[in-house]
Amino acid sequence: MTDKPVKTQRRFESSPRRSTGNRLSASMDEALPGRTPENGDSLVKVKEEDPTWEQTWGSWESSRQAQELCRLRFRQFCYREVTGPREALSRLQELCRRWLRPETHSKEQIVELLVLEQFLTILPEELQARVREQHPESGEQAVAVLEDLEKVTGDGGQQGLLPPGTSQRQGRSRVPAEEVVTKDGLFNAKKETSQEVEHGAEAPGIPDRNCVPQPPCTSVHTERTVAHLNTLKDRHPGDLWARMHISSLEYAAGDMTRKGRKKDKARVSELLQGLAFSGDSDVEEDNKLETHHAQKKLKMSNVPEKNWAKRDIKPSFPSWSALDSGLLNLKSEKLNPVELFELFFDDEIFNMIVNETNNYASQKNVNLEVTVQEIRCVFGILLLSGFVRRPRRGMYWEISDADQNLVRDAIRRDRFELIFSYLHFADNSHLDQKDKFTKLRPLIKQMNRNFLLYAPLEEYYYFDKTMCECFDSDQFLNGKPIRIGYKIWCGTTTQGYLVWFEPYQEESTVMVDKDLDLGLGGNLVMHFADVLLERGQYPYHLCFDSFFTSVKLVSALKKKGVKATGTIRENRTEKCPLMSTEHMRKMKKGYFDFRVEENEEIILCRWHGDDIISLCSNAVGIEPASELSCSADEDDSHQIAQPSIVKLYDECREGVAKMDQIISKYRVRIRSKKWYSILVSYIIDVAMNNAWQLHRACNASTSLDLLDFRRYVAHFYLEHNANLSD
């Protein structure tokens, strides 16, 4: 055992109300190791022993510094320090209890601690450090310290509260304290050090309440701290305390402010270089994270630097000259509404539904024996519910009118309920557990195949996300008419014909080239481009919003021979030197700035219209610019310039919105208790929308409106499939 001299300091001696803090500070000062004595009168001899960890922690926990550490650990706790949410919650509860101590503190004292913490946080850095050195236990004590500093300096401003001989600039350059907890329960603090101290200059003492100069604070050497922590590691290998406080030291050190935390991490990383706990999952996780970042940096270094020039784009795509022979054939065949609807719900799909429904019923020991005729009757009632609405499903058989008579003559209610409850689309014995929508996957694949087969062959398509209304879903999409339900990725024509769709799920079933590293949105757009290219290598033009757009995606589509235009977010512009959004807001409406990446011939344009909008394209640029009427009010109207890229995007982006609007008019209202029933109804409505789109394209002058078209199909299924013998 050795005797170590430790410096003691007088705190709050002039006020009786601060005696507790004085005793706690003095007791902790006696336990601080490695402090350099400068005044023999203020030194005491402390006889050190080697107590067990439990004894040390028990005495140290009651100190003020223990509370401060627990506060820092509580505020800067990181989720990755633990193995699961329950352990994280338990750890936070324990740290909060040790900080606020509800078993010994009253409600008023806990409130006082919280107010004190916030008060210290809002102080300027130089004042915050000075006050924390005195370890105040209440807001009143913190205010008293600040008032004493004002009296000493004779100035109430911030300049006066800095140490004598220190300028305002020097005061701001002080770095936050770094606090390190050792395994023996000892609290070493690397006090704030001014620039003069860091360069070896002598720092002036800090006056306390009684104007007694204090010796300057010197930093604890990094090498000494690392050696001490490594000794603790060897003494207590792999225990819980080390996992809590040493391996996660960078989260428990220094100031809570973001600026201070960045400085702390740089210094703490030096300490952590000497720590290597074998078998520690936290360290292994950090190593994996560092490896991932290193690989990402290496990948970024291999990407050539973008070369931006202010000129218009020079696209190299061929012009659109494709002839839609499929639509010409449909026009010549003169199909009625039912035949158009059954281009999508064809005999193959109806037979699949019959087989899977009977198979599922037999698995439940029910002899259903449903037929295609009955399935068409069920579809007729579902289509009818879109424009003939009843509060209860049974009322379609109760009320006597023309539509209800059709329903009663087509199928009995009990039979409809039985079939509808066993309606199935996949074999339960062959389900893909990784696919959330595996029970609908055969139907989705068939519908996508038919949608693409009969889709109008057009140059422009829009890719976006929509919602299928379902209040049992936890998915939310802001900015859409339907905000709660199942999110669906979809690609449409500019008129609203759905070409391809896929319900959203965390583990996407869409397969693309992983080397492209385009993210979820980019992968979906690339897959949609591949779907379109199955019809032929035409120069399609895809438009999409900022969720999907990136310079990398637009470049990848260009390599496929596909044109692309979309709005783009600020953080994806690849350091393109466009005028900033804040600066452009000060310009007149119609002003725009643009740059072209010369290596890949991709343009970025920022335009001031009703709002600031940024776009990216590989096929369309500024010229020919057009004039757009803009009016602040009815009396004041003027023309503003609109680049060609903005005009094209505005014309194409309404495709998904038009589809949503058509579907919402006469949506299927009858649903079963199965979770996927709402998606089946959505697919029926989408098929009806696509059939009506083809009907309008084939009969431009004599087309039916949507209601008459839907009524025609519903009545046909109910009239021509009526089972009178039943």
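Residues are classed here by relative accessible area: buried means under 20%, exposed over 50%, and partly exposed in between, with a 1.4 Å probe and protein chains only. The structure is a predicted model, in which local features need pLDDT of at least 70 and side-chain atom pairs count only at pLDDT 80 or more, while totals for chains, interfaces and linings use all residues. Residues are numbered from 1 along each chain as its sequence is written, and side-chain values use heavy atoms, with hydrogens and water left out.

The chain averages a pLDDT (the predictor's confidence in each residue, from 0 to 100) of 76, and 66% of the residues score at least 70. Over residues 236–263 the pLDDT is below 50, yet this stretch has 77 contacts in the model beyond near neighbours in sequence, a contact meaning heavy atoms within 4.5 Å. The pLDDT also stays under 50 over residues 270–281, where the model has 25 contacts beyond four places in sequence.

The chain contains 27 helices and 16 strands. Of the 726 residues in the chain, 49% are buried. Among contacts between residues at least 6 apart in sequence, 66% join residues at least 24 apart.

The buried residues of α6 are Glu126, Leu127, Gln128, Ala129, Arg130, Val131 and Glu133. After α6 comes His135, which has a positive phi, near 50°. In helix α19 (residues 413–421), the buried residues are Arg415, Phe416, Ile419 and Phe420. These residues cover an arc of only 125° around the axis, which puts them on the same side of α19; the arc is that of the directions from the helix axis to the C-beta atoms. The packing partners of the buried residues of α19 are α17 (372–384) and α26 (677–698).

Strand β11 (residues 563–567) has five of its five residues buried, so the strand is largely enclosed by the rest of the structure. In a regular strand the side chains alternate between the two faces of the sheet. In β11, Lys563, Thr565 and Thr567 point one way, whereas Ala564 and Gly566 point the other way, and all are buried. Strands are taken to pair if DSSP finds at least two bridges between them. Strand β10 (residues 541–544) runs parallel to β11 and is joined to it by four bridges, with Cys543 standing opposite Thr565. Together with helix α22 (residues 551–559), β10 and β11 make a right-handed β-α-β unit. A crossover is right-handed if, with the strands pointing away from the viewer, the path from the first strand over the helix to the second runs clockwise. Strand β14 (residues 612–617) pairs with β11 in the antiparallel sense over three bridges, and here Thr565 stands opposite Ser617.

A salt bridge is defined as a side-chain nitrogen of Lys or Arg within 4 Å of a carboxyl oxygen of Asp or Glu. By this rule the count comes to 30 salt bridges. In helix α4 (residues 85–100), Glu87 and Arg91 lie four residues apart, about one turn of the helix, and form a salt bridge whose closest N and O atoms are 3.1 Å apart. Glu87 is partly exposed, with a relative accessible area of 31%, whereas Arg91 is buried at 11%. Glu94 forms a salt bridge with Arg97, the closest N and O atoms being 2.9 Å apart. Glu94 and Arg97 are three residues apart in helix α4, and about one helical turn separates them. Both are partly exposed, Glu94 at 28% relative accessibility and Arg97 at 30%.

A further salt bridge links Arg376 with Asp347, with 3.2 Å between the closest N and O atoms. Arg376 lies in helix α17 and Asp347 in helix α16 (residues 347–363), so the pair ties together parts that are 29 residues apart in sequence. Arg376 counts as buried at 14% relative accessibility, and Asp347 as partly exposed at 49%. Elsewhere, salt bridges that share partners join Glu94, Arg97, Arg98 and Glu103 into one network.

Notes:
Helices (H or I, at least four residues) and strands (E, at least two) are DSSP runs, numbered from the N terminus.
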